[in-house]
Amino acid sequence: MTKFYTLVPSMIYPNKKNPIPENITIRKPLSQITNKLPIHWLDGNIIKTQVANALSIIFKNEEEYFIKTVRKFIPRVKNQKLKKEIISFIGQEEQHCEFHSEFCNKLVDQGFDFKFLSFNLKNLIYGTMGAFFSDELNLSIASGLEHYNKTIAELSLSDKVFSNSDANLRELFEWHLAEELEHSNVVYDLLQEIDSSYFHRIQGLAIASLVRNFTLTTTTASMVAQDDLSQFLRIWKESKEFFFTKDQILYKLFLQIINYAKPDFHPSQHSMTDIINDIFKNRNFEIFFSKKSANQPEQKVSKSE
Ligand SMILES: [Fe+2]
Ligand SMILES: [Fe+2]
């Protein structure tokens with residue numbers, strides 16, 4: 001597949017024709033997924049690992065849905081800065097899809113089977129919404145789902161959830177999540193430009209909540225069921241700690257998600273620039289489009305020791 005962002009380089013960089021600087025960088029991580037991944041690669045914890053695996057299966061399908069949804073609106077966007085951000089958003093999400101597809105192949109190598117599940121996510125959930133809902137409603141749903149992704153990124157990066165995990169996967173997941181923070185305003189701003197009504201935004205959030213809770217619950221349950229069920233007590237204890245008592249992830253998630261329902265909400269209200277910069281500072285990337293440079297199609301960034 002031809003990468004969308006390679007077709008439009010002149011729209012990206014600040015130049016005579018396009019003097020507006022770019023705000024979002026498209027990066028390709030140079031780290032590779034380790035060939036022999038430990039089964040419980042995240043903190044040696046069955047539940048945390050399977051939630052991350054399930055998110056990966058979801059992202060692989062969901063981010064394709066985002067790309068298809070926002071791409072339709074490009075001709076209607078009058079704000080040139082936003083138009084560039086949308087193109088960079090698509091570039092970042094394409095990189096994320098590629099990583100999660102590759103990671104899902106490793107999960108298959110580990111013996112997990114989610115072909116049927118992934119088919120249903122792609123066709124029954126995202127495909128049905130894309131085919132039967134209006135483009136505007138799909139945009140509102142995508143904006144709601146992006147708020148879920150931003151929230152997951154905020155919680156996991158500030159709580160350093162990946163600190164005790166396979167080193168390469170830590171880099172790759174943290175890169176993806178940091179970029180979710182970096183582009184968190186894009187779909188929301190597009191939604192505001194297309195239809196800024198409060199009801200429309202909340203309608204999208206309601207459907208996004210149903211979709212995200214259903215897909216994450218069923219996918220995680222399916223992955224846990226294929227893990228070592230003989231360790232039932234350990235799974236129970238880890239679930240209790242992660243969701244309710246120690247990490248309290250559901251409570252924290254709920255508090256962040258309801259922010260989106262505030263009438264004056266905007267994703268930039270809770271900025272995490274320090275954490276984002278920290279993650280990008282010490283990692284290896286090939287840069288496609290950078291917010292720092294002008295008219296440099298490719299640039300290597302090396303790891304600072
Ligand atoms: Fe993404
Ligand atoms: Fe995203």
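**Figure 1. How much of the protein is buried, and how the chain is laid out.** Of the 305 residues in this protein, 40% count as buried. Keep in mind that everything shown here comes from a predicted model. The protein has 10 helices and three strands. Read from the N terminus, the elements go β-α-α-α-α-α-α-α-α-α-α-β-β. Take the contacts with a separation of 6 or more: 82% of them are between residues 24 or more positions apart.

**Figure 2. Inside the largest nonpolar core.** This core holds 57 residues, and those with the most contacts inside it are Val 70, Ile 86, Ala 142, Val 187 and Leu 190. Which elements give two or more residues to this core? They are helix 1 (46–71), helix 2 (80–109), helix 3 (115–132), helix 4 (135–158), helix 5 (167–182), helix 6 (186–194) and helix 7 (198–226). Helix 1 gives the most, with 12 residues. In soluble globular proteins, nonpolar side chains tend to be buried together.

**Figure 3. A look around Ala 142.** Ala 142 is one of the residues with the most contacts inside the largest nonpolar core. What does Ala 142 touch, leaving aside residues up to four places away in sequence? The list is Tyr 65, Phe 66, Thr 69, Val 70 and Val 187. Two of these names, Val 70 and Val 187, also turn up among the residues with the most contacts in the core.

**Figure 4. Helix 1 against helix 2.** Two packed helices are described by the angle between their axes and the distance between the axes. Here the axes of helix 1 and helix 2 come within 8 Å and cross at roughly 150°. An angle over 145 degrees counts as roughly antiparallel, so helix 1 is roughly antiparallel to helix 2. The crossing is left-handed. On the helix 1 side, the residues that meet helix 2 include Asn 53, Ile 57, Phe 59, Glu 63, Phe 66 and Val 70. Helix 2 answers with, among them, Ile 86, Phe 89, Glu 93, His 96, Cys 97, His 100 and Leu 107. Sorted by class, this contact has 12 nonpolar, five polar and six charged residues.

**Figure 5. Helix 1 against helix 3.** The axes of helix 1 and helix 3 come within 10 Å and cross at roughly 25°. Angles under 35 degrees count as roughly parallel, which means helix 1 is roughly parallel to helix 3. This crossing is right-handed. From helix 1, Ile 57, Ile 58, Asn 61, Glu 62, Tyr 65 and Lys 68 make the contact, and from helix 3 Leu 117, Ser 118, Leu 121, Lys 122, Tyr 126 and Gly 130 do. The residues split into six nonpolar, three polar and three charged.

**Figure 6. Helix 2 against helix 6.** Parallel, antiparallel or oblique: how do helix 2 and helix 6 sit relative to each other? They pack at an angle of about 135°, with their axes 10 Å apart. Helix 2 and helix 6 are therefore oblique to each other. Helix 2 passes helix 6 in a left-handed crossing. Leu 82, Glu 85, Ile 86 and Phe 89 of helix 2 touch Val 186, Asp 189, Leu 190 and Glu 193 of helix 6. By class, that makes five nonpolar, no polar and three charged residues.

Figure 7. Leu 155 belongs to helix 4. Is Leu 155 buried or partly exposed? With 18 other C-beta atoms within 10 Å, Leu 155 is partly exposed. Leu 155 touches Ile 249, Lys 252 and Leu 253, not counting residues up to four places away in sequence. Leu 155 and Asp 247 are 92 residues apart in sequence, yet 9.9 Å apart in space, C-alpha to C-alpha.

**Figure 8. Lys 237 and Ile 47.** Lys 237 lies in helix 8 (residues 232–245). Lys 237 has 14 other C-beta atoms within 10 Å, so it is partly exposed. Lys 237 and Ile 47 are 190 residues apart in sequence and 9.5 Å apart in space, C-alpha to C-alpha.

**Figure 9. Two loop residues with positive phi.** Most residues other than glycine have a negative phi. Lys 160, in the loop between helix 4 and helix 5, has a phi near 50°. Lys 160 is exposed, as 11 other C-beta atoms lie within 10 Å. Gln 248 has a positive phi of about 50° too, although it is not a glycine. Look for Gln 248 in the loop between helix 8 and helix 9 (249–259). With 16 C-beta neighbours inside 10 Å, Gln 248 counts as partly exposed.

Note on methods. Residues numbered from 1 in each chain as written. Chains lettered and ligands numbered in written order. Predicted model: local features only at pLDDT ≥ 70, side-chain atom pairs only at ≥ 80, totals over all residues. Core = buried A, V, L, I, M, F, W, Y, C linked by C-beta atoms within 7 Å. Buried ≥ 20, exposed ≤ 12 C-beta atoms within 10 Å, placed from the backbone. Helix = DSSP H or I, 4+ residues; strand = E, 2+ residues; numbered from the N terminus. Contact = placed C-beta atoms within 7 Å. Axes fitted to C-alpha atoms, helices over the stretch in contact; angles between N-to-C directions. Parallel < 35°, antiparallel > 145°, perpendicular 65-115°, else oblique. Left-handed = near helix turned anticlockwise from the far one by under 90°. Nonpolar A, V, L, I, M, F, W, Y, C, P; charged D, E, K, R; others polar.
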